[in-house]
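Dear colleague,

I am passing on the structure we spoke about, and my notes on it follow below. Please read them with the coordinates open beside you.

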Amino acid sequence: MGGCLVVSELKGVIALVVVALIATSCAEDAGDTTAAGSASGGECAEIQELIDATAAMLPSERETFLLKKAIEDGDNVSLYTELNVRDVDEIIDIFEETYNVDVDLFRAGSEDVRLRVLEEAAAGFRGFDLIEIEALDMTIIDQKGILAPASSPYREGIIEAGLFDNFTADRVTYLVPVWNTGIFSAAEAPQSFEDFADPLFSGQLALEDSDVYWFAVMVQHFVEEGMTEEEAVDLFKTIAANSSITSGHTATLELLIAGQFGITPNGYSHRVEEFKIENAPIEWLPVNVPVVAEITAVAVACSAKNAAGGMLLEDFFLNPDTTQAYFVSVNRTPANAAQQAEAFGPGGADIVPLRGDVSAIVEDFQKWDDLWDEVVRSG
Amino acid sequence: MTSNKAHSVTPTANLRMRRTLGRMLRYLGFAAVVGVTVYLVLVPLVFLIWRGISAGDGSILGNIAEAYSIRGTGDMVLNSLFFAVGTALLATVVGASLAFATVRTNAPFKAVLYAASLVPLIIPGILYTIAWIFLLSGRIGWFNITLRAVGLDALVVDVFSLPGMVIVEGLHLSPIAFLLMFAAFKATDPALEESALMSGASVPSIIRRVTVPLVRPALLASLLLMFVRGLESFETPALLGIPAGRWVFTSQIFRSLNTYPVRYDDAAIYSVTLILITVIGLFLVTRANRRGERFQTITGRGFRPRLLDLGRWRWPVGVAVVAYFLIAVVAPLAVLGYLSLLPFYMPPGAEAFSSFSLENYATMFDIASVGRAIKNSILLSIGSATFLMLLMAVVSWITVKSKMKGRHLLDSITGWPLAFPGLVLGVSLIFVYLRAPIPVYGTLWILFIVYVTKYMPYAMRYASTSIIQISSQLEESARMSGATWWSTFRRVTLPLMAPGLVAGWVFVVVVSVRELSASILLYRQGTEVFSVVIWELWEAGQTTQLAAVGMTLVLGLTVVVGIAYKVGANIGVRG
């Protein structure tokens, strides 16, 4: 009898779970509708009022107005970001001290943040007020109608390539060749990207495996220079065949410093500068190959719970006197044009970075991702 | 007369009513336990299957064919199997040998072994793998440099290869096999070994012909657990496998989830494949262990464990114990300790030693989330381990001791989460609890659900391995003496299961603190856990600070394990 009871209970529970899940799966469609609705102005209406109300204000008036509203809202400001823990802690501390408004933080890699935001939006969940991730991931999110129009007065100072309808660049990261100075001298550093295919670097190369954007922009550049797309992709495959594939930009640099690898074509310049301060044997200058600039941007959610707080924090990220200045102080490159001109080029680097058309790459993302996968698997 | 009759009927009726009530309560309790267990497992599973079939044109076969036609799928399956089988063999052979040496023999140095052998388990996968990169990578690995220096180039293994992955994962998992086998050896009556010894059998022959058959259920369970754990492992394939071009199921699932549009269908189909492999494995182990009473060694008859004299094998075994300790425990910790004192990695030498400082430790608590993470990790790991071991104690009683129909299915269900890759579990739970009317999203409860679900199979193996060895005679005696099911369970079964339950508890505490791949998707401000902080530091490239946090974590967990060990000693974990 006991057995029957438990077995029937077991079946009952299984049936209940299945029914509940079917119900939730149907709810996903509803969630999607909500997200789509936000694009057409449903949930954006609330934040649009704020944007309209502050449109004609001076930055200082806007700051006072938004602060008052943010405190009235009562909710903490929710920030989703890919910025590293040390920097984001510092920025939040200054923001909280300045405004006495608390920030809730979710920090993860740009792709993980994107995955979470898309899941939350599909369920109609109001997760973030402000988001800070790579422009590529931001474009994907923007296509779902999750972002409110960008309205910060500090957009005026931002580089032109960093201005999008619903998001704004706050910093730029440069992908550059980096080598171990104990293994290669500056004179041996590649004089062109094709040089990476040189047998000199065979067994010494490390290629980081997550840079689809870098790859797409580089291939487009080579096509503009006269190569066919196939030739450009083949060049990458030849280089990858010479390389160890690695995961994580900083981890790659650590192994480079340790001497496991001698050179990488796609390292972060600001990280190299940080390591150089501690006398680590790595260098990225002079740079003789095309350099790709990766934009990281901020945006406020259409359905922000504390919309005024989100806008206030967005201004804080773009303000040349606050976060933009902080980026300069930690060797990062701010998106503010004037500060960037000053900050960029430590050691006298004189380069014109390539900036890809993010929207076009997102349109063809599947193609670029598959091609990059082929390249990585050639390694 | 009437009054007398009333007197004689009422107690019987009362007794009957109390018995009926007791039985009903028991069934309700069982139903609740089974309901919770099944719910926890089926929620992510149903989600997985639904996502697997609802993508594309909605055709199951079409989606499966598409997932398996991706370039390199054949290699991926072969790599996964090689990696998982190699890991299972290495971990089980090492873990079982160490457990045998510790519990049943007079091997020297074994006193330190129980705590020391747990250290690899305590070190989070990402840290252990990083440490091994510095020990075994082609050019800079300490072991490789040493081997080359003494002319043993033939023994050099590059960590970025399938054998390298097997070594790292196998050694990292060996403590799990150790804990499982420790409990099994502890509960096995050594009388048979003693008889064999007195009949003139040699030690190797006793081990092969008496000891191993006696602990066969635990040995098979261990092999299965290690195999599936190898299939499900993420950190080693990601950090070592991808650079080596050795893709496995989990790295492919990671890729499917990180692309856009997200390929939920591929991730789901690969995950379901892992679940099917697990179910088949569980079925085979259950079948092999079906006649459980053959392995019952805790009977009403008492026994006093006596140590096997290894004779001339004593010192070779002692040397092997020390070698394990040096390779699997000391060396990785030495690398982490060394890293934690440096501003960035430098080869050992004068320059490195002159750069030593404690700055990484001093600045560790400047990170806002570290304090919260410590509190949350302690709360979650202890909470989920305690809940899970109690839940599985009852479930294992149902599957092993009761005659209920469907018990084999229940047993199998508890094993399925073995094959849920953490990332997939994370995405599933986000999906479900964003929509379900249970407000756990963004709270510690959702992490609690993850840990309880993910580690259920291990808890179940510990619980069922313990209960399978308890003869029904003891419970029957208690029931015959008038004890209720609950008081028999509480006062007879649970205490007898205690060594296995404590070992399982220690295990779940430690692996919960380490869990990363699901936690990273589910945490929010205020619910950070330790592994997330470590991962953040890795992402930020603060490897040396991460080593400092890691060393602190290892120290903290060692204290927890030490306390559990002491508590365990009082209830029979240690003889």
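In this predicted model, chain A is divided into domain 1, which covers 33-172 + 295-343, and domain 2, which covers 173-293 + 348-377. The C-alpha centres of these two domains of chain A lie 30 Å apart, and the contact between them takes twelve residues from domain 1 and twelve residues from domain 2. On the side of domain 1 of chain A that touches domain 2, the elements giving two or more residues are helix H6 (135-143), strand S4 (168-180) and strand S9 (292-300) of chain A; the largest share, four residues, comes from H6(A). Sorted by class, that side of domain 1 of chain A has six nonpolar, four polar and two charged residues.

As for chain A as a whole, it has 15 helices and ten strands, and buried residues make up 52% of its 379 residues. If one takes the contacts in chain A between residues at least 6 apart in sequence, 78% of them join residues at least 24 apart.

Turning to the interface between the chains, 54 residues of chain B are in contact with 54 residues of chain A. On the side of chain B that touches chain A, at least two residues each are supplied by helix H1 (2-54), helix H11 (235-241), helix H12 (249-258), helix H19 (422-435), helix H24 (519-522) and helix H25 (530-539) of chain B, and the largest share, twelve residues, comes from H1(B). The residues on this side of chain B divide into 37 nonpolar, ten polar and seven charged.

One residue of chain B deserves a separate paragraph. Met364(B) has its place in the loop between helix H16 (359-362) and helix H17 (368-400) of chain B. Leaving aside neighbours within four places in sequence, Met364(B) is in contact with Val370(B), Gln545(B), Ala548(B), Val549(B) and Thr552(B). Leu546(B) is 182 residues apart from Met364(B) in sequence, yet the two are 8.7 Å apart in space, C-alpha to C-alpha.

With best regards

How values were computed. Residues numbered from 1 in each chain as written. Chains lettered and ligands numbered in written order. Predicted model: local features only at pLDDT ≥ 70, side-chain atom pairs only at ≥ 80, totals over all residues. Domains from an automatic or database assignment. Contact = placed C-beta atoms within 7 Å. Nonpolar A, V, L, I, M, F, W, Y, C, P; charged D, E, K, R; others polar. Buried ≥ 20, exposed ≤ 12 C-beta atoms within 10 Å, placed from the backbone.
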